[in-house]
Every structure is written in structure tokens, then in C-alpha cells.
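Visitor: Could you take me through the salt bridges of this model with some care, looking at where the partners sit and how accessible they are?

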Amino acid sequence: MSTAEQALRRLELTVVRRLDGLLQGSYQGLMPGPGSEAGDSRIYVPGEDDVRRMDWAVTARTSVPHVKDLIADRELETWVLADLSPSMDFGTAAVEKRDLVVAAVGAIGFLTARVGNRFGAYVLHDEYIHRMPARGGRAALYGLLNSLAQAPRGRAVPDAPDLAEAVEALASARRRRGLRVIVSDFLDARPSLDPGLEPPWERPIRRLSARHQVLAVEVLDPRELELPPVGLVSLTDPESGRSRQVRLTAKVRAAYAEAAALQREITRTALRRCGVEHLVLRTDRDWVADIAQFVLKQRRTAHIAHRHPAAGAGAIR
């Protein structure tokens with residue numbers, strides 16, 4: 001058995017033993033959400049329920065507004081956008097960011113493959129946006145994850161496609177409603193720290209979320225948030241290949257931490273405006289625990305509201 005296959009088997013065992021055990025219950029996947037098959041009717045809750053789901057026949061009989069619940073489809077297409085640009089080949093903790101990309105895609109894939117759903121991916125790597133067709137079954141998922149794990153490290157390429165172009169490709173090619181997952185660090189080649197400006201990927205994600213249920217998985221490393229007091233260092237921009245020597249004084253480190261915090265806040269605010277769910281994974285944390293906490297929070301929110309989240313039309317069951 002190759003080293004890559006051993007790593008994927010360990011990943012599957014981690015997901016099945018830890019995540020599967022934590023997430024047992026009425027929902028069997030990562031995110032509860034509505035489907036397209038009509039279920040039972042219940043009393044309409046103003047401000048929470050979508051008026052487009054009104055059950056007019058029951059409303060007329062009872063003189064009380066009712067809505068139809070939707071049963072999640074049993075066979076869905078889940079598509080992920082995996083960012084393997086050069087900025088993902090970085091990590092100062094237990095793993096690199098690209099390892100978390102494979103872990104996140106694997107967690108979603110293993111939890112959906114068991115119920116017959118099809119799983120496909122778009123991969124942003126170098127000068128291409130690679131498409132891996134949606135297929136069902138464990139063997140196809142293993143092939144997809146192996147391709148991600150074995151992908152060469154990213155390199156600086158002039159005029160390489162960015163995250164916005166990759167999201168546009170995902171939205172335009174796959175029209176059937178379902179779950180869409182974007183796994184990226186959401187770092188732009190030319191970042192702006194102006195809160196009044198939209199990130200270039202915001203508008204494409206907003207259009208994607210108008211039709212699909214979207215989960216944004218943000219991958220971070222602690223050194224992207226703050227720098228250590230190590231004196232003179234040589235820093236290289238992985239996207240452009242440019243290098244520069246910087247002396248990490250207390251003033252420089254404080255300015256860096258402030259700019260990094262502002263950049264993260266801009267990302268959070270933009271994703272919130274897009275109406276998508278936002279999950280943060282860090283290379284210095286237990287990613288399984290973070291995913292489990294995120295899912296349990298989603299379920300509690302759905303239960304308290306007495307309805308599924310309104311975004312999108314597909315869900316993992």
C-alpha cells in the first residue's frame with residue numbers, strides 16, 4: 001500500500017470514528033437543509049418561514065396559515081472548490097494548509113458517499129481550474145482525494161486564475177441545485193484593507209448562494225495572524241515569488257497583527273453578506289473538533305428556528 005493510500009485510509013478512519021460518532025442523530029451529514037420533496041404541513045411562523053412554501057389547501061381548510069416542510073433529496077450532487085494555489089503550500093504548525101484542504105474535502109466526501117450522493121470537485125491549481133466529474137462510490141472519492149494529495153506544489157504563474165474565476169466556473173457549469181463547498185484561505189494576490197471595497201470573490205459567491213446551499217471553509221495558519229519575535233527574516237510571496245528581508249520589531253509585528261485582523265474581519269463580513277455558512281479551520285487546531293462544533297451549532301440553530309436554514313435547495317442527509 002502506498003504512503004498516499006495509507007494517509008487517505010487514516011483520514012477515512014478519523015472521519016468515520018470521530019465525526020460520524022459525534023454527528024449521529026436525525027441529520028447524518030454536515031449541514032441540515034431543505035430538499036425538493038414535499039413533506040408534512042405545519043403552522044406558518046412569521047419572519048422565519050418562506051412564504052413561497054405556503055400550503056394554501058391546508059390554510060383554506062383550517063383558516064390558519066400553514067407551510068409545507070421539505071424532505072431532503074436522497075441523491076444529491078455535492079461539488080467542492082479546492083484552492084491549491086501557492087498560498088496554500090504553507091504551514092508552521094502540525095500540518096500545512098493544503099493538508100487541511102484534503103482533510104476538509106475528505107470529511108465532506110466520506111460523510112456523503114455512504115448515502116449514494118455524487119461528489120465532484122473543481123481544483124484551482126497553477127494556471128488551470130481542473131474539473132473532476134461528480135461520481136458516486138468510495139473508489140471515486142479515493143481517486144479524487146489522491147489527486148488532491150498528490151498535486152504538485154503551486155508555483156508563481158503570471159495571470160493565473162484567481163478564486164473569483166474559479167467560483168464563476170463552478171456556478172456556471174453545475175446548474176442542478178445542491179451543496180457547494182469552497183475550501184480556501186480567501187487571500188487575494190492584491191489584497192485591499194479597505195472595508196468599503198468588496199473582495200473580488202464576493203459577488204460570484206453571492207450569485208452562487210442564490211441558487212445553492214454554500215459552505216465557505218476558511219483555512220488559516222497562526223503565522224498569518226501574528227509574527228514571532230525572531231529579528232531579521234526573509235519573507236517570500238508565494239503567489240508572485242517576490243522576496244524581501246524584514247526586521248520583525250515590536251512595531252512591525254503590531255502593525256502586521258492589526259492588518260491581519262482587519263483582513264480576516266473583511267473576509268468574515270463579506271461571507272456574511274453573501275449569506276453563506278462560514279467554517280474556520282486552523283493548522284494549529286483539531287480540525288475534527290472544529291467541524292463537529294460547527295455542525296452541532298448549525299443543528300441547534302435549525303432546531304430552535306423550527307425549520308431548516310433557508311439558503312439553497314440541497315442538503316447532506
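Guide: What follows is a close look at the salt bridges, pair by pair. The model is a predicted one, and it holds 16 salt bridges.

One of them joins the side chains of Arg-153 and Glu-96, with a nitrogen-to-oxygen distance of 3.0 Å. Arg-153 lies in the loop between helix H4 (138-150) and helix H5 (163-173), while Glu-96 belongs to the loop between strand S3 (77-83) and helix H3 (97-113), so this bridge ties together parts that are 57 residues apart in sequence. Arg-153 counts as partly exposed because its relative accessibility is 47%, and Glu-96, with a relative accessible area of 21%, is partly exposed as well.

Another salt bridge is formed by Glu-218 and Arg-264, whose closest N and O atoms are 1.7 Å apart. Here strand S7 (residues 213-220), which carries Glu-218, is linked to helix H7 (residues 250-274), which carries Arg-264, and the two residues are 46 residues apart. Glu-218 has a relative accessible area of 2% and is therefore buried; Arg-264, at 6% relative accessibility, counts as buried too, since the cut-off is under 20%.

In a further pair, Arg-282 meets Asp-284 in a salt bridge, the closest N and O atoms being 2.9 Å apart. Arg-282 is partly exposed at 23% relative accessibility, and Asp-284 is partly exposed at 38%.

Finally, salt bridges also link residues into a network, whose members are Glu-198, Glu-202, Arg-203, Arg-206 and Arg-273.

Technical notes: Residues numbered from 1 in each chain as written. Predicted model: local features only at pLDDT ≥ 70, side-chain atom pairs only at ≥ 80, totals over all residues. Heavy atoms only, no water. Salt bridge = Lys/Arg side-chain N within 4 Å of Asp/Glu carboxyl O. Helix = DSSP H or I, 4+ residues; strand = E, 2+ residues; numbered from the N terminus. Buried < 20%, exposed > 50% of the residue type's maximum accessible area, 1.4 Å probe, protein only.
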